[in-house]
Amino acid sequence: MIDGAPKPRYERPVLIPHQVGLMNKFGRIRSLSPLTHIDGVSIEELVETYGSPLFVFSEKCLIARYRELRDALALRNANVRIAWSYKTNYLGAICRVFHREGAWAEVVSGFEYEKAVHLGVSADHIHFNGPYKPEQVLERALRDGAIVHLDHFDELARAERIAAKLHTPPKVGLRINLAAEGIPAWSRFGFNLESGQARTAVARLLEGKKLTLAGLHCHLGTFILEPEVYGQGAQKLAHFANDLRHEYGVELQFIDLGGGFASHNKLKAQYLPAEQATPSFARYAEAIASGLDELAYSPEARPTLVLETGRALVDDGGFLITTVHASKRLPDGRRGLVLDAGVNTLFTAFWYDHDVVPAQEFGSTAEPTVLYGPLCMNIDVVRDTLLFPAMNPGDRLVFRNVGAYNVTQWMQFITYRPAVTLIGRDGRHACVREREDLQTVIANERIPEWL
Ligand SMILES: Cc1ncc(COP(=O)(O)O)c(C=O)c1O
């Protein structure tokens, strides 16, 4: 060794059986490179400041994705609106990034509605979806002037009763479900198009004269890898809108195609990696535009196209840093790594094979490895077998594309939920959600006086 040169990393010897289907025993390891920094900030600095595990969001990436979507839509439609899907990630700082870019809010519960208002979104910039809007929540939203998307006849009747008490008929949308080739229909939400239920709902709403029909909404599904599905959905809604205009003189203000674009992730059942399978925003926008071309509206009167894109906007901008706690040999010969983040933290590990990389230099040998979390539960597997280099306790890994649904669906289970940090466009970083501690967890607990 040359004097002063850094000590080479020790790599323990390992016997790797050649596996059927692999081109060589080194697999894809050669294409793996360490991720030592996020937006110029070192992983070590982040962990030293906020601890491990740690969710990190890149403001730069969130904004870039938002603008890419907005531009793809604006190129093909005169009036577009993006309503940020709160359930995908309702951390205040993340919502703020999108609202500052001009996004409205899309909420599905009283809690999300309150959160949007708390963040300064005016009610008339909120689209309110969901099958369960309790009377008080519905009344508040209608009184405030939010755009409520009615989901079923009981809600329609409830909204009419509330509207009767108001001076002007509130603007509402109708949630529609429809059949599109290539995806299962989400028929439990809204009024069905093909059976005529949606038309009955419109007739009923117009006869009641208590509500103003401002738009149609349809969320086709989620992680839809085929843009043409949106073409079909948009076309069906366009034909329906034409019929309503012709028959009842209804001039719609918006057509909302919900969310559902795929992010740069790989579903467990998916064969191709995300780089090959995930369509660009431009392809989705093109398919939607071709469907909406069927609208028999003059260009000036065309309804605004609304999208509620969630995962495809926020997934790329989220990272999870985790630390190797132990490395062990499993009886079947695979290596098992015990990490400090499990499925309670990385909830989306249940349906994605996440892209995960070491955060430091590593050796040249890879072996089949399973990534386990810290939970004393057999289900706690954050990544099924992948070819991975040897890791030592204390080494860090980074999961990429984890910005969607994790910091909303994570569970306080067995361990505390970790901190979340945001790296600003200028490289500043700040904690946007503190790591939980005992006080957070017991704050709402009460022990009866007889115990
Ligand atoms: C009504 C509605 N809009 C938007 C979304 C966001 O969907 P995605 O994250 O797949 O884009 C959802 C998710 O379920 C939804 O139910």
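**Helix contacts**

Author: This is a predicted model. In α8, residues E228, Y230, G231, Q232, G233, A234, Q235 and A238 meet Y284, A287, I288, S290, G291 and L292 of α10.

Reader: How many of the residues in that contact of α8 with α10 are nonpolar, polar and charged?

Author: There are 7 nonpolar, 6 polar and 1 charged.

Reader: And what angle do α8 and α10 pack at?

Author: About 25°, and the axes are 7 Å apart. For reference, α8 covers residues 228-248 and α10 covers residues 281-292.

Reader: Parallel or antiparallel, then?

Author: Roughly parallel, because the cut-off for that is an angle under 35 degrees.

Reader: Which hand is the crossing of α8 and α10?

Author: Right-handed, as α8 passes α10.

Reader: OK, switching to α5 and α6. At what angle do their axes cross?

Author: Roughly 55°, and the axes come within 10 Å. Here α5 is residues 135-144 and α6 is residues 153-163. That angle makes α5 oblique to α6.

Reader: Which residues make the contact there?

Author: From α5 you have E135, L138, E139 and L142, and they pair up with a set from α6: R158, A159, I162 and A163.

Reader: Last one: is the crossing of α5 and α6 left-handed or right-handed?

Author: α5 passes α6 in a right-handed crossing.

Conventions:
Residues numbered from 1 in each chain as written. Predicted model: local features only at pLDDT ≥ 70, side-chain atom pairs only at ≥ 80, totals over all residues. Axes fitted to C-alpha atoms, helices over the stretch in contact; angles between N-to-C directions. Helix = DSSP H or I, 4+ residues; strand = E, 2+ residues; numbered from the N terminus. Parallel < 35°, antiparallel > 145°, perpendicular 65-115°, else oblique. Left-handed = near helix turned anticlockwise from the far one by under 90°. Contact = placed C-beta atoms within 7 Å. Nonpolar A, V, L, I, M, F, W, Y, C, P; charged D, E, K, R; others polar.
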